Amino acid sequence: MQITSIKATRAAKENNAVDQATAPVKKPAKPSLISIILKGLWKENPGLCQLLGMCPLLAVTTSAASALGLGIATLLVITLSSLIVSLLRAFILREVRIPIYVLLIATIVTVVCFEVEAYFPQLYQQLGIYLALIVTNCIIMGRAEAFAGRHGPLASTVDAIACGIGFTVVLFILGSVREILGSGTFFVGATDLLGPWAQSLEIRLLDNSHTYLIAILPPGGFFVLALLIALKNALDNRARRRADRRLSIPALHV
Amino acid sequence: MQISVQSAKQNLGIEAAPHLHAKLSTNKIMALVLIALLPGVAVTLYYFGCGLIWQFLLLTVVGFICEMLCALLRARPLKRAACDLSVYVTALLLALTLPPLMPWYWTVSAMAFAILIVKQAFGGLGMNIFNPAMAGFIFLIISAPGAFFTTYIAPAPAAIQVATLERSAKVIFTAEEPAVLVQDIKALQDDPDALSGATFLESVKTARKAQTVNAIAAPDFASTNYQAYAALGIAYAAGGLLLIACRVILFQMPLAFLATIAAGGALWHYLSPNASISCAEHLLFGGTMLAAFFIITDPVTNAGTSKGRVCFSILCALLILLIRVEGSYSDSVAFAVLLSNAAAPLIDVLTRRRPFGIGYKEGGLQ
């Protein structure tokens, strides 16, 4: 009697194991929208943490206006592509997902490219090849592969917007710092981007003989980006140390 | 009774064998380098005026403040940072390479860049990949090429009497035009209008583009126009010999460096006289002599093995020739030094010494 019962439990255990093996892989807990936004904007910022899309990040950030222009274009493309990928994810075969993503992203980039060329010809000339090169930007591919292919349309769109805004902000800060140091101006060309009201935003901060030409050259881009990353890490470390200190019990350190 | 390693170190000051005692500490080496630079400083003062003193003071103050700031931020002992002489070596090297009449804000930014980003961001003394003085120089020459062009002094004998402390201070610290002082010093030369550019290499640069380097008259190093360069070369060599005698630097390094420049320059000049200046001009103009004894021999940023250091010098010399003849800046020493600094870890790997007993051929040595 005992033996049979043991056998039965064993069989039940094995059944359980088989069930677990055949059952679909348990989905990770659904992330909340707030945490998605926080991740995209700060914790996993594409410009400062994931270090994706370095080519446009360094190449077009010679002025704040062109950086903002490229940032907005990227934001547009990443939102549309994430939305479409997450809607179509049931139909996309896992084996050929990358070519399909590329095809989708290329289509969207072409549309955005024509839009910019038609409505902002000045900006189109400034951005040059980098606008068309959004198609190869790793952030868009990365979000499609890492997030949009596994989550629903709402979460994917929110994630794309958060990441896009995070990237745009980094581009804009990098562009502003490099423009101020390198050409002594701030936001020149804003009128091409935002319309005539932006005329008042264009300021000259430094005299021409006091500017650091190196800031607009590629090494300057690397230096400023490195300093921004260092600043972010320092802020994160400080927050972590404060949290640790709050949790620690003073008496234990005797 | 068994003494644990930890307590032995704490109580007795015993370290693991071998118990070697180094006579030269880093600070002693740096002090020796500073002393060895004195002949060069004297010659520069005589031929280029007192701008050097102001530049050095400015660089020293900025360097000291930056070091203190980094020591505070990294919670290191302030006293050690204050006693560290290497920052003054960097300051003096930078002061010798920058034009003597550079406006103060450029000098300050160059030193801040050299110490904060090139030296301390990589971990401070002994950890920096690139030579801080040369990196600061490149930072300036890329950022402010115009300032270099206007503030460089064409050297003349007894320039120290014209460019006195007050006059140089006026140009460096107030926005007075440097052109007047530069002209006054140039007037001391026998033939002030011999050159079209600010320096010999600057005029060669314009001639190089037109492939007419040969048309420039060969400089006579005994004339007052070019005396300074010959004197500087001798002064740096004298300082370098002192360092070699004190065993601070390997004599093979400057030897390989200067031999490569001389041979390569002579060969290039022979093959295409319209592209390259001659051997003596390669050796004496620009920063070649300073680099040979004081810059490529920096113990931190060159290769680690003796063989590697010689390879490093040869590589640096070849890069100097290449960039000086083909590049778009008038002098190339700083760029070549930084490129070779970047290659130093690779040279280390390629010139690794064979450990004893490994790699013998079958049958032993024959």
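How many helices and strands are there in chain A? In this predicted model, chain A holds 11 helices and 2 strands. Starting at the N terminus, the elements run α-α-α-α-α-α-α-α-α-β-α-β-α. Chain A has 254 residues, and 34% of them count as buried. Contacts in chain A were then sorted by separation. Among those with a separation of 6 or more, 79% link residues 24 or more positions apart.

The largest nonpolar core comprises 153 residues. Five of its members touch the most other members: A:Val77, B:Leu94, B:Phe137, B:Cys316 and B:Val337. Helix H9 of chain A, residues 153-183, supplies the largest share of this core, with 12 residues.

The contacts of B:Phe137 were examined individually. Residues up to four places away in sequence were not counted.

A residue of chain B was considered next. B:Gln183 lies in helix H12 of that chain, which spans residues 179-186. Is B:Gln183 buried or exposed? B:Gln183 is exposed, because its count of other C-beta atoms within 10 Å is 11, and a residue with 12 or fewer is classed as exposed.

Technical notes
Residues numbered from 1 in each chain as written. Chains lettered and ligands numbered in written order. Predicted model: local features only at pLDDT ≥ 70, side-chain atom pairs only at ≥ 80, totals over all residues. Helix = DSSP H or I, 4+ residues; strand = E, 2+ residues; numbered from the N terminus. Buried ≥ 20, exposed ≤ 12 C-beta atoms within 10 Å, placed from the backbone. Contact = placed C-beta atoms within 7 Å. Core = buried A, V, L, I, M, F, W, Y, C linked by C-beta atoms within 7 Å.
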